[in-house]
Amino acid sequence: MQSNDNTHGQNRQELTYLPVPFPKAPPKEPRFAALRAWWNTAWEEDGVLHTMWEDILSAPEDGLRHMAPWIRAVLMVAGVSFAVLMAQAAGEVVLEALHQLLTAVPKVQVGVDTSSGVVAVVDQPVRTYIAQHSAGLAVEGSTVYTLWLLTGIVGLVLGYLSRNNGVRAMWTAWGAATVSMVWTTTPATSRPIAAGLAVLAWTFLSAFAMRGLTLRRRVVTVKPEIHVPAQPPAAEQHPHTPCRFRD
């Protein structure tokens, strides 16, 4: 009997040390399940993506005025961005061209006879003046000469096209400076002739640069009109007054 009791005690003792089963972990949700659920909901009848797609399909028929506001906003942002990019690209092209022009300018000879004919009467004194007075500058004399030419061309063209007073003032200052350089550099014996030709050339070109400019004052004539109110007939003034000559 005692041996049986010992055997049962050992079995009970072994049962107390049996491994306890752990609960199973819940199954993991599929990856991007929330995103897929939102995607499916958004493409339903009243979903966000479905509504936006309908707006896109109806935009050609609605026109720019009646299309969805968010489409107009996107088109506006795209248009502004494209304009900014085009302006930036155009600015880079202009700056590059100007840089190439100014870097190639030192090849232009200043202070020597590089022109002939009537143009040389004005051009050569200007070149000589710039060559004499640009020695201490940080830029070459040829650069100054090119800027002088560009200023005259811009003043002439923009003055003809825009009729702007500021451009006309620039053209006037450019002409005065040109005549002054010609007068200063030309020898005394031929100075009046050279300055006169410079003034004539500048005056001729001013007919285009200052197109539409007039010194006459605009007189506004006001013609007062006198309105005399028409008096109604006497019979209409006193309709109930009996006439004296009536029987």
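**Confidence, helices and core**

Guide: The protein chain has a mean pLDDT (the predictor's confidence in each residue, from 0 to 100) of 76, and 67% of its residues reach 70 or more. This is a predicted model, in which local features need pLDDT of at least 70 and side-chain atom pairs count only at pLDDT 80 or more, while totals for chains, interfaces and linings use all residues. Residues are numbered from 1 along each chain as its sequence is written, and side-chain values use heavy atoms, with hydrogens and water left out.

Visitor: Where in the protein chain is confidence lowest, and where highest?

Guide: Helix H1 (residues 2-16) has the lowest confidence, at a mean of 51, and H7 the highest, at 91. Over residues 243-247 the pLDDT is below 50, and this stretch has zero contacts in the model beyond near neighbours in sequence. Contact means heavy atoms within 4.5 Å.

Visitor: How many helices and strands are there?

Guide: The protein chain has nine helices and zero strands. These are DSSP runs numbered from the N terminus, with helices (H or I) of at least four residues and strands (E) of at least two.

Visitor: At what angle do H5 and H7 pack?

Guide: Helix H5 (residues 118-133) and helix H7 (residues 165-185) pack at about 80 degrees, with their axes 8 Å apart. That makes H5 roughly perpendicular to H7. Axes are lines fitted to C-alpha atoms, for helices over the stretch in contact, and angles run from 0 to 180 degrees between N-to-C directions. Angles under 35 degrees count as roughly parallel, over 145 as roughly antiparallel, 65 to 115 as roughly perpendicular and the rest as oblique.

Visitor: Which residues of H5 and H7 meet there?

Guide: From H5 come Val121, Val122, Pro125, Val126, Thr128, Tyr129 and Ile130, which meet Thr178, Met181, Val182, Thr184 and Thr185 in H7. The residues of this contact of H5 with H7 divide into eight nonpolar, four polar and no charged. Here Ala, Val, Leu, Ile, Met, Phe, Trp, Tyr, Cys and Pro count as nonpolar, Asp, Glu, Lys and Arg as charged, and the others, Gly among them, as polar.

Visitor: Which residues touch the most other members of the largest nonpolar core?

Guide: Val126, Trp148 and Val182 do, in a core of 14 residues. H7 gives the most to this core, with five residues. A nonpolar core is a set of buried Ala, Val, Leu, Ile, Met, Phe, Trp, Tyr and Cys residues joined through side-chain atoms within 4.5 Å. Buried means under 20% relative accessible area, exposed over 50% and partly exposed in between, with a 1.4 Å probe and protein chains only.

Visitor: What does Val126 touch?

Guide: Leaving out residues up to four places away in sequence, Val126 touches Tyr145, Trp148, Thr178, Met181 and Val182.

Visitor: Changing topic, is Ser206 buried or exposed?

Guide: Ser206 counts as buried because its relative accessibility is 10%. Ser206 lies in helix H8 and touches Trp171 and Arg211, not counting residues up to four places away in sequence.

Visitor: And what about H2 and H3, at what angle do they cross?

Guide: The axes of helix H2 (residues 33-42) and helix H3 (residues 48-66) cross at roughly 45 degrees and come within 5 Å. That makes H2 oblique to H3.
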